[in-house]
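Biologist: Could you put the model up, so that we can go through it together?

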Amino acid sequence: MATIEECRAALEKLSDNMQGTEGDVHAAAALDRSVSCRITDLDVTFVGRMAEGRIRVDDTLQGPPREKAQIRLTMAGDDLVALVDGKLNFAKAWGSGRVKLEASLMDLLRLRKLL
């Protein structure tokens, strides 16, 4: 099972990967939205903001998020690490229910370019 530190490092790596994108993918990464990433097996939620092509984690909360972020991810810690490392395909994980992504329809359409 991935630790809180490994999950935070995975989110930082994802942020770094987003920073280096170009074209349509960079435009999708440049959204300015509140973000939460709930790690079910650790019972923690990382909350922050996606802005200027990066994800900034502002806090780590015990349990579910207290406020509904505009973009919400839910998954196990090992799945987050595997997704960021390229060992888990997002579409397959999302389709099978291992990863849950909730956002407005417009944001989902933009985010699909990132994922």
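Modeller: What follows is a walk through parts of this model, which is a predicted one.

Biologist: Let's begin with strand E2, then: is it mostly covered or open?

Modeller: Strand E2, which spans residues 44-51, is mostly covered, since six of its eight residues are buried.

Biologist: Which way do E1 and E2 pair, and over how many bridges?

Modeller: Strand E1, residues 33-39, pairs with E2 in the antiparallel sense over seven bridges, and within that pairing Ser36 has Val47 of E2 as its bridge partner. The two strands form a hairpin with four residues between them, where Asp43 takes a positive phi near 55°.

Biologist: And how many bridges join E2 to E3?

Modeller: Eight bridges join E2 to strand E3, residues 54-62, and these two strands also run antiparallel. Along the pairing, Val44 stands opposite Gln62 in E3, while Gly48 stands opposite Val57 in E3.

Biologist: What about the turn there, how many residues lie between E2 and E3?

Modeller: The hairpin of E2 and E3 has two residues between the strands, and Glu52 in that turn has a positive phi of about 55°.

Biologist: Staying in E2, why does Thr45 count as buried?

Modeller: Thr45, which has its place in strand E2, counts as buried because its relative accessibility is 0%, and the cut-off for buried is under 20%.

Biologist: What does the side chain of Thr45 reach?

Modeller: The side chain of Thr45 reaches the backbone oxygen of Gly63 at 2.7 Å. Leaving aside neighbours within four places in sequence, Thr45 is in contact with Ser36, Cys37 and Arg38, with Asp59, Thr60 and Leu61, and with Gly63, Pro64 and Pro65.

Biologist: Changing topic to the helices, why is H3 described as largely enclosed?

Modeller: Helix H3, residues 77-84, is largely enclosed by the rest of the structure because six of its eight residues are buried. Those buried residues are Gly77, Asp79, Leu80, Ala82, Leu83 and Val84.

Biologist: Which elements do the buried residues of H3 pack against?

Modeller: The buried residues of H3 pack against helix H1 (4-19), strand E1, strand E4 (71-75) and helix H4 (90-96). Just after H3, Gly86 takes a positive phi of about 80°.

Biologist: Since H1 came up, is Leu11 buried or exposed?

Modeller: Leu11, found in helix H1, has a relative accessible area of 4% and is therefore buried.

Biologist: What is Leu11 in contact with, once its neighbours within four places in sequence are left aside?

Modeller: With those neighbours left aside, Leu11 is in contact with Cys37, Phe46, Val57 and Leu80. Leu11 and Leu80 are 69 residues apart in sequence, and their C-alpha atoms are 8.1 Å apart in space.

Biologist: One more topic, the surface: which residues make the nonpolar patch?

Modeller: Leu105, Met106 and Leu109 make a nonpolar surface patch of about 320 Å².

Biologist: Where is Leu105 found, and why does Leu105 count as exposed?

Modeller: Leu105 is found in helix H5, residues 105-111, and counts as exposed because its relative accessibility is 62%, with the cut-off for exposed set at over 50%.

Definitions and conventions
Residues are numbered from 1 along each chain as its sequence is written. This is a predicted model: local features need pLDDT of at least 70, side-chain atom pairs count only at pLDDT 80 or more; totals for chains, interfaces and linings use all residues. Side-chain values use heavy atoms; hydrogens and water are left out. Buried means under 20% relative accessible area, exposed over 50%, partly exposed in between (1.4 Å probe, protein chains only). Two strands pair if DSSP finds at least two bridges between them. A polar contact is a pair of N or O atoms within 3.5 Å; within protein, one must be able to donate a hydrogen and the other to accept it, and residues adjacent in sequence count only if both atoms are side-chain atoms. Contact means heavy atoms within 4.5 Å. Patches are made of residues with over 30% relative accessible area and no salt bridge: like charges are joined within 9 Å, nonpolar side chains (Val, Leu, Ile, Met, Phe, Trp, Tyr) within 5 Å. Accessible areas come from the Shrake-Rupley method with a 1.4 Å probe; for residues, only the protein chains shown count as cover. A salt bridge is a side-chain nitrogen of Lys or Arg within 4 Å of a carboxyl oxygen of Asp or Glu.
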